[in-house]
Protein chains: 2
Amino acid sequence: MIGQTASLQGIFADRYDSDALLTYASAILQHANVPPQDAQTVARNLVLAELRGVDSHGLIRLPVYTRRLHANVVNARPLINVTRPFAAAALVDGDNGLGAVVGLRAMEVAMELAIGAGIGIAGVCRSNHFGVGAFYVEKAVNAGFIACAISNAPPNMAPFGGRERFLGTNPFAIGIPAGSPPHLIFDASSSVAARGKIIAAAKANQPIPAGWALDPKGIPTTDPHEALLGAVLPFGGAKGSAISFLIDVLSGVLTSAAFGPRLNTLENLKALQDVGHVMIAIRRDLFISTEEFNGRIKELFAMLTASPPVPGVERVLLPGEPELRAEAQNRELGISLSKEVVEELLDLGNRAGVTFPSQKSCM
Amino acid sequence: MIGQTASLQGIFADRYDSDALLTYASAILQHANVPPQDAQTVARNLVLAELRGVDSHGLIRLPVYTRRLHANVVNARPLINVTRPFAAAALVDGDNGLGAVVGLRAMEVAMELAIGAGIGIAGVCRSNHFGVGAFYVEKAVNAGFIACAISNAPPNMAPFGGRERFLGTNPFAIGIPAGSPPHLIFDASSSVAARGKIIAAAKANQPIPAGWALDPKGIPTTDPHEALLGAVLPFGGAKGSAISFLIDVLSGVLTSAAFGPRLNTLENLKALQDVGHVMIAIRRDLFISTEEFNGRIKELFAMLTASPPVPGVERVLLPGEPELRAEAQNRELGISLSKEVVEELLDLGNRAGVTFPSQKSCM
């Protein structure tokens with residue numbers, strides 16, 4: 001019994017209710033002059049990352065978001081401008097607003113276009129860090145659309161054959177509605193491993209796996225400290241490098257946003273980012289009825305998950321299924337935050353006069 | 001001087017003029033009742049694969065294409081039916097025609113839709129093996145469009161975590177017009193390595209690299225014979241597996257074509273394939289002028305190729321650049337064919353009363 005209690009305490013230690021974190025993050029953003037509805041949007045994006053277990057895009061970003069707002073390199077109250085040059089295409093000028101606000105607006109526009117034209121593409125320029133792409137495709141998938149969200153990002157990754165940071169770890173998220181939840185929501189960066197994992201390894205003084213990163217001379221390294229000075233590598237070699245580059249062509253070149261190594265980092269408080277995104281929505285009843293689509297997708301999902309696993313694996317998972325499982329668990333048990341992040345958020349709350357929530361109690 | 005002559009002979013040995021091979025392949029297909037223009041289309045697709053150095057999709061496929069035509073599991077004279085349910089979307093029912101004929105028609109439709117709507121998506125059902133995706137995006141890119149071609153394929157690949165063939169090595173090709181040639185044409189399968197490379201290793205009794213394939217029990221293997229009995233692996237682990245799966249969702253589920261492990265192989269002469277594709281075309285002047293797009297894309301390309309390479313690499317290449325280089329060289333020197341392929345083609349020619357071209361002479 002003592003063991004069970006200890007284990008339960010372990011589960012609940014440092015866990016916070018997701019709604020309480022949402023309220024906190026929204027209040028912090030409102031204190032930085034963001035209108036309530038927009039603050040809620042950004043807070044939902046950050047908390048969704050935490051729920052899905054993608055800590056690198058979670059509340060750890062809130063301090064730098066607020067620093068950028070206070071430094072006036074992000075516009076708290078943008079006048080987002082939407083132009084529709086073609087029946088299936090719109091350009092969303094983000095007016096340097098917060099990425100989640102601009103990006104969500106763009107996905108809504110893509111959905112509107114798709115209703116009429118079958119498919120809708122919204123290009124976005126003059127935006128900022130958009131958090132997790134899952135946030136946008138989830139919105140569209142819940143409304144019954146197939147959806148895709150991509151973004152460029154500041155350079156952190158060497159291209160295939162290159163030794164310097166050139167590409168962002170440009171993310172791509174794809175959502176497929178499944179008739180009834182859970183829907184398929186796949187969200188990935190185009191790097192082998194998140195930079196956050198290398199930072200964690202450096203703190204623990206543990207080597208990183210081969211193939212994750214290059215040192216500053218372009219030599220593959222397993223030393224996390226050298227890796228942080230060098231560049232992360234794209235997933236899947238030349239193919240992943242190409243995918244990351246092509247995401248930049250669409251998000252940056254096509255939309256008139258910044259592209260390539262010109263994107264400024266979040267940490268540079270003296271420069272705008274001018275991040276570009278592309279949101280695409282597709283009607284699932286494009287060629288067959290919704291009922292037929294729902295039946296067929298259910299069938300394919302069932303076939304994949306019934307496919308025999310390799311030794312040591314319980315069953316084959318759908319793309320994005322690990323994150324969906326994490327979300328269900330974290331919604332119930334609460335979101336686990338590291339001591340460092342909690343300290344930063346407490347400090348942020350103190351300065352804004354916003355109370356950081358207490359830990360979730362053991363029911 | 002003797003060395004130089006020998007080396008020149010080596011270059012020209014077993015090389016064939018690409019136009020002569022085009023004429024030959026077209027004549028073979030016409031002998032199998034394919035109309036001249038369609039025969040030319042398929043021949044161009046196969047020869048393009050040879051030019052780009054993708055032997056696995058080249059003339060080696062001509063014998064099985066003709067066997068399928070003679071067995072009446074592919075329709076030599078399809079009535080391709082195009083319906084346009086939405087302003088930016090069309091469904092192309094291939095009537096079981098040759099993949100290159102149906103696929104090219106679909107890309108043309110996607111381009112027509114894009115002219116009016118900004119973006120056009122053509123779903124394809126009841127098609128067949130479509131050869132290299134580069135063929136379709138090249139057509140669109142030459143007309144100034146950004147383009148994407150994807151297809152599903154019979155199961156050859158284990159999904160991430162799975163041990164049995166479930167996914168096709170579903171290809172994805174993307175083209176970006178560059179203002180003036182060469183354009184960017186990227187074409188990849190979603191497997192780590194082509195099955196053709198494993199066949200070659202098995203013939204030479206040489207081990208394959210770790211990570212390419214599983215044996216029939218789902219254990220990673222470097223034995224090419226075991227690998228051929230087992231399954232190839234997706235590129236980039238879980239991410240590449242997800243991409244391959246999502247290609248099947250779009251190409252198969254959305255379009256009403258076959259999907260998952262239900263696709264029949266090319267070699268099964270008793271069953272239709274019902275392959276599905278999706279072709280997407282996007283106006284490059286969607287949000288900015290063509291001149292601006294051309295200038296920006298040129299800038300990004302120049303920045304990438306000027307980016308410092310890793311030790312041992314001459315310079316960073318654009319996606320698809322190795323294939324473009326191969327194409328330029330093979331167009332000039334002639335296409336190199338293996339003895340086995342030449343014997344098969346000679347035999348095919350004899351039976352159809354079509355003369356296989358002689359080797360390209362040393363100029």
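## A glycine in a loop of chain A

Setting aside neighbours within four places in sequence, Gly179(A) is in contact with Asn294(A), Ile297(A) and Lys298(A); contact here means that the C-beta atoms, placed from the backbone, lie within 7 Å. This is a predicted model, in which local features need pLDDT of at least 70, side-chain atom pairs count only at pLDDT 80 or more, and totals for chains, interfaces and linings use all residues. Residues are numbered from 1 along each chain as its sequence is written, while chains are lettered from A and ligands numbered from 1 in the order in which they are written.

Gly179(A) sits in the loop between strand E6 (172–176) and strand E7 (184–188) of chain A. Helices (H or I, at least four residues) and strands (E, at least two) are DSSP runs, numbered from the N terminus. With 16 other C-beta atoms within 10 Å, Gly179(A) is partly exposed. On this scale a residue is buried if 20 or more other C-beta atoms lie within 10 Å of its own, exposed if 12 or fewer, and partly exposed in between, with C-beta atoms placed from the backbone. Gly236(A) is 57 residues away along the chain, and its C-alpha atom is separated from that of Gly179(A) by 32 Å.

## Chain A as a whole

Chain A has 12 helices and 12 strands, and its C-alpha trace spans about 60 × 50 × 45 Å along the principal axes. The radius of gyration of chain A is 21 Å, which agrees with the value near 21 Å that a compact globule of 363 residues would have. That radius is taken over C-alpha atoms, and the globule rule is 2.2 Å times the number of residues to the power 0.38.

Buried residues make up 54% of the 363 residues in chain A. Of the contacts in chain A with a separation of 6 or more, 65% are between residues 24 or more positions apart.

## Two domains in chain A

Chain A is divided into domain 1 (2–70 + 341–352) and domain 2 (81–191 + 234–290), with bounds that come from an automatic or database domain assignment. The C-alpha centres of these two domains of chain A lie 24 Å apart. Their contact takes 15 residues from domain 1 of chain A and 11 residues from domain 2 of chain A.

On the domain 1 side, helix H3 (36–51) and helix H4 (62–70) of chain A are the elements that give two or more residues. H3(A) provides the largest share of that side, 7 residues.

## Where the chains meet

Turning to the pair of chains, 56 residues of chain B are in contact with 56 residues of chain A. Several elements of chain B each supply at least two residues to this side, including strand E2 (81–86), helix H5 (99–117), E6 and E7. H9(B) gives the most, with 8 residues.

The chain B side divides into 40 nonpolar, 12 polar and 4 charged residues. Ala, Val, Leu, Ile, Met, Phe, Trp, Tyr, Cys and Pro count as nonpolar, Asp, Glu, Lys and Arg as charged, and the others, Gly among them, as polar.

## Strand E6 of chain B

Strand E6 (residues 172–176) of chain B is largely enclosed by the rest of the structure, because 5 of its 5 residues are buried. Both faces are covered: Phe172(B), Ile174(B) and Ile176(B) are buried on one side, and Ala173(B) and Gly175(B) on the other.

E6(B) runs antiparallel to strand E5 (residues 145–151) of chain B, joined by 4 bridges; strands pair if DSSP finds at least two bridges between them. Phe172(B) is the bridge partner of Ile150(B). E6(B) also pairs with strand E7 (residues 184–188) of chain B in the antiparallel sense, over 5 bridges, and here Ile174(B) stands opposite Phe186(B).

Terms used
Contact = placed C-beta atoms within 7 Å.
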